[in-house]
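Look at the sequence and the structure first, then read on.

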Amino acid sequence: MSINTKKFAVREHSRVELKKWPTCIDPIYESDEDYQKILKERVKQLSSQQELLYASNSYAVLLIFQAMDAAGKDGVISHVMSGINPQGCDVTSFKHPTPTEIKHDFLWRTNLPLPERGKIGIFNRSYYEEVLIVRVHPEILRAEGVPGAEDDKSFWDERYHSIRGLERHLDRNGTRILKFFLHLSKEEQRKRFLARIDDPNKNWKFSAADIQERAYWKDYLKAYEKCLSATSTKHAPWYVVPADDKLNTRLIVSQIVLEALADLKLKYPKSPTERRRELLKLRKQLEKEK
């Protein structure tokens with residue numbers, strides 16, 4: 001089943017109010033079996049497109065995932081990208097900055113793992129943490145020691161400006177950027193936390209810190225609203241994807257990525273005449289070995 005992915009995209013210069021964006025929509029699959037069938041076909045198509053991307057060696061693709069805890073980022077990445085050749089895809093997860101990283105500007109640590117041409121790069125969290133968790137917890141900003149940094153509108157506007165500038169630069173140089181906010185409801189997060197506590201095999205996924213951060217739910221929503229409003233652009237759009245139904249989430253993300261790759265109109269490189277002559281000569285040589 002095809003869906004209109006444009007309804008999940010945040011328009012440039014629009015003001016985002018997340019209460020108006022759904023965390024759950026009607027299933028776009030008819031059954032679990034239907035979901036598996038659709039996802040399998042999407043994964044196959046993504047594998048073909050990734051091969052084209054690698055062969056054409058002209059564009060890179062960067063996928064950024066941001067969300068509240070337990071929204072399913074890891075699941076989306078592992079299921080949707082399961083058929084991709086590992087040589088053509090790199091996943092980077094960003095945790096709390098190291099002491100070395102804190103000594104640099106806030107975009108420094110994410111530059112090295114950016115994808116090269118022909119590859120897909122996936123950021124599980126990203127430089128956007130610096131306008132999300134850091135905004136919710138200004139004590140982190142103070143600890144970063146940025147000269148003249150104040151927790152005020154001017155400072156955050158400057159950070160948004162830096163992010164837009166980086167993404168525009170990447171786009172001009174052939175990196176296509178897709179950004180996904182997996183929009184989870186507070187009630188669904190509660191259910192998933194309980195499931196992690198009740199299942200011994202999932203205990204490792206849960207900590208007291210998760211409950212502590214949950215207390216800042218409204219603050220995080222406000223930070224996300226300001227971030228999405230300020231940094232969704234035509235060349236680096238944000239998509240607000242309903243995340244209460246994990247299966248729906250994966251199908252929506254997979255279609256958005258497929259559409260973006262199709263828009264690149266990738267083609268296998270054509271061999272020059274001289275190269276074709278060489279190949280034909282080699283072919284004749286192999287035929288003689290019969």
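## Salt bridges and exposure

E278 has a relative accessibility of 41% and therefore counts as partly exposed. Buried means under 20% relative accessible area, exposed means over 50%, and partly exposed lies in between, with a 1.4 Å probe and protein chains only. The model is predicted: local features need pLDDT of at least 70, side-chain atom pairs count only at pLDDT 80 or more, and totals for chains, interfaces and linings use all residues. Residues are numbered from 1 along each chain as its sequence is written, and side-chain values use heavy atoms, with hydrogens and water left out.

E278 has a partner. Its side chain meets that of R275 in a salt bridge, 3.3 Å from N to O. A salt bridge here is a side-chain nitrogen of Lys or Arg within 4 Å of a carboxyl oxygen of Asp or Glu. Both R275 and E278 sit in helix α11 (residues 273–287), three residues apart, about one turn of the helix. Helices (H or I, at least four residues) and strands (E, at least two) are DSSP runs, numbered from the N terminus. R275 is partly exposed, at 37% relative accessible area.

How many salt bridges does a search of the whole structure find? The search gives 16. Three of them are set out below.

| Salt bridge | N to O distance | Location |
|---|---|---|
| R275 and E278 | 3.3 Å | helix α11 |
| K153 and D157 | 2.6 Å | helix α6 |
| K179 and E167 | 2.9 Å | strand β4 and helix α6 |

K153 and D157 are four residues apart, about one turn of helix α6. K153 is exposed at 61% relative accessibility. D157 is partly exposed at 31%.

What does the bridge between K179 and E167 tie together? K179 lies in strand β4 and E167 in helix α6, so the pair ties together parts that are 12 residues apart in sequence. Are these two residues buried or exposed? K179 is buried, with 0% relative accessible area. E167 is buried too, at 1%. Elsewhere, R15, E17 and K20 are linked in a network of salt bridges.

## Charged patches

K186, K218, K222 and K226 form a positive surface patch. Patches of charge join like charges within 9 Å, using residues with over 30% relative accessible area and no salt bridge. Helix α9 (residues 217–231) gives the largest share of the positive patch, three residues. K226 lies in helix α9. K226 is partly exposed, at 44% relative accessibility.

A negative surface patch is formed by E150, D151, D152 and E158. E158 lies in helix α6 (residues 153–172).

## Aromatic pairs

The whole structure holds nine aromatic pairs. One of them is F65 with F180, which is stacked: 5.1 Å centre to centre, with 15° between the planes. The pair links distant parts of the chain, with F65 in strand β1 (residues 60–67) and F180 in strand β4 (residues 175–183), 115 residues apart. Rings of Phe, Tyr and Trp (its six-membered ring) pair if their centres lie within 6.5 Å; planes under 30 degrees apart count as stacked, over 60 as edge-to-face and the rest as tilted.

F65 is buried at 2% relative accessibility. F180 is buried at 0%. Together with Y239, F65 and F180 form one aromatic cluster.

Key: Patches are made of residues with over 30% relative accessible area and no salt bridge: like charges are joined within 9 Å, nonpolar side chains (Val, Leu, Ile, Met, Phe, Trp, Tyr) within 5 Å. Accessible areas come from the Shrake-Rupley method with a 1.4 Å probe; for residues, only the protein chains shown count as cover. Lys and Arg count as positive and Asp and Glu as negative; His and the chain ends are not counted. The place of a charge is taken as NZ of Lys, CZ of Arg, CG of Asp or CD of Glu.
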